[in-house]
Amino acid sequence: MSIVMKIIITSHGGFCTGILESYEMLAGKSNLLIALPLTPDDTGQYKKRLTQYLSANKTESILILCDLCGGTPYNESYAAYLRNPEKIGVVSGLNLGMLLETAFAAENGTKLDDLVEIAIDAGHKGIKKAEEDEKKSQEIEF
């Protein structure tokens, strides 16, 4: 598959803009990333904005990171994926660790299919109970 050039971060409400802001606080601005929120008063504009963005960037591969499987942002992204699976990848369960690792890999030219797997792996690895990291807790003084 082709090299990823853009990552769309999408969510219900401002979650995607907030997580992009957190990303930029940690890693700086990236031309690869765009936030595309579904607004509470959306009247079909989300689908239109997503379609317009994808049409304007149709020569590039695009990974779409969604907050939740089954909601409008995911469903519209999935529909776009079905129309063009060679150029679009979709992953749900967005978290900051997933975004950081995925964006860094994309900056280094990782292919779309590999980037999808990186996103899933980073998302899973970022979920831990505090007690699971006993070695680090021994290094922290309370």
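Analyst: Start with a cut-off: a residue is called buried when its relative accessible area is under 20%. In this predicted model, 39% of the 142 residues of the chain count as buried.

User: What does the secondary structure of the chain come to?

Analyst: The chain has 6 helices and 4 strands. Read from the N terminus, the elements follow the order β-α-β-α-β-α-β-α-α-α.

User: Why does cysteine 66 count as buried?

Analyst: The relative accessibility of cysteine 66 is 0%. The limit for buried is under 20%, so cysteine 66 counts as buried.

User: Is cysteine 69 buried or exposed, and how do you know?

Analyst: Exposed means over 50% relative accessible area. Cysteine 69 has 52%, so cysteine 69 is exposed.

User: How many disulfides are there, and by what rule?

Analyst: A disulfide needs two cysteine sulfur atoms within 2.5 Å. By this rule the count is 0 disulfides. Cysteine 66 is in none, with the nearest cysteine sulfur, that of cysteine 69, 8.5 Å away. Seen from cysteine 69, the closest cysteine sulfur is the one in cysteine 66, and 8.5 Å is too far for a bond.

User: Which residues of helix 1 are buried, and what makes them line one face?

Analyst: Cys16, Ile19, Leu20 and Tyr23 are buried in helix 1. Viewed down the axis, the buried residues of helix 1 fall within an arc of 105°, so they line one face of the helix. Glu21 and Met25 are exposed on the other side of helix 1. Just after helix 1 comes glycine 28, with a positive phi of about 90°.

User: What about helix 2: how does its span compare, and which of its residues are buried?

Analyst: Helix 2 has 12 residues, residues 45–56, and should span 16 Å. Its end C-alpha atoms are 16 Å apart, which agrees. The buried residues of helix 2 are Tyr46, Leu50, Tyr53 and Leu54. They fall within an arc of 95° seen down the axis of helix 2, so they line one face.

User: What makes the buried residues of helix 3 lie on the same side?

Analyst: Those buried in helix 3 are Pro73, Tyr74, Ser77 and Ala80. They cover an arc of only 125° around the axis, which puts them on the same side of helix 3. Leu82 and Arg83 are exposed on the other side of helix 3. As for length, the 12 residues of helix 3, residues 72–83, should span 16 Å, and the end C-alpha atoms are 17 Å apart, which agrees.

User: Why is helix 4 called roughly antiparallel to helix 5?

Analyst: The axes of helix 4 (residues 96–107) and helix 5 (residues 112–125) come within 8 Å and cross at roughly 150°. Angles over 145 degrees count as roughly antiparallel, so helix 4 is roughly antiparallel to helix 5. Their crossing is right-handed.

User: What is the angle between helix 1 and helix 4, and what is it called?

Analyst: Helix 1 and helix 4 pack at about 60°, with their axes 10 Å apart. That makes helix 1 oblique to helix 4. The crossing of helix 1 and helix 4 is right-handed.

User: Where is lysine 111, and why is it called partly exposed?

Analyst: Lysine 111 sits in the loop between helix 4 and helix 5. Partly exposed covers what is between buried, under 20%, and exposed, over 50%. Lysine 111 has a relative accessible area of 42%, so lysine 111 is partly exposed. Lysine 111 and serine 61 are 50 residues apart in sequence, while their C-alpha atoms are 8.8 Å apart in space.

How values were computed. Residues numbered from 1 in each chain as written. Predicted model: local features only at pLDDT ≥ 70, side-chain atom pairs only at ≥ 80, totals over all residues. Heavy atoms only, no water. Buried < 20%, exposed > 50% of the residue type's maximum accessible area, 1.4 Å probe, protein only. Helix = DSSP H or I, 4+ residues; strand = E, 2+ residues; numbered from the N terminus. Expected span 1.5 Å × (residues − 1). Arc of directions from axis to C-beta. Axes fitted to C-alpha atoms, helices over the stretch in contact; angles between N-to-C directions. Parallel < 35°, antiparallel > 145°, perpendicular 65-115°, else oblique. Left-handed = near helix turned anticlockwise from the far one by under 90°.
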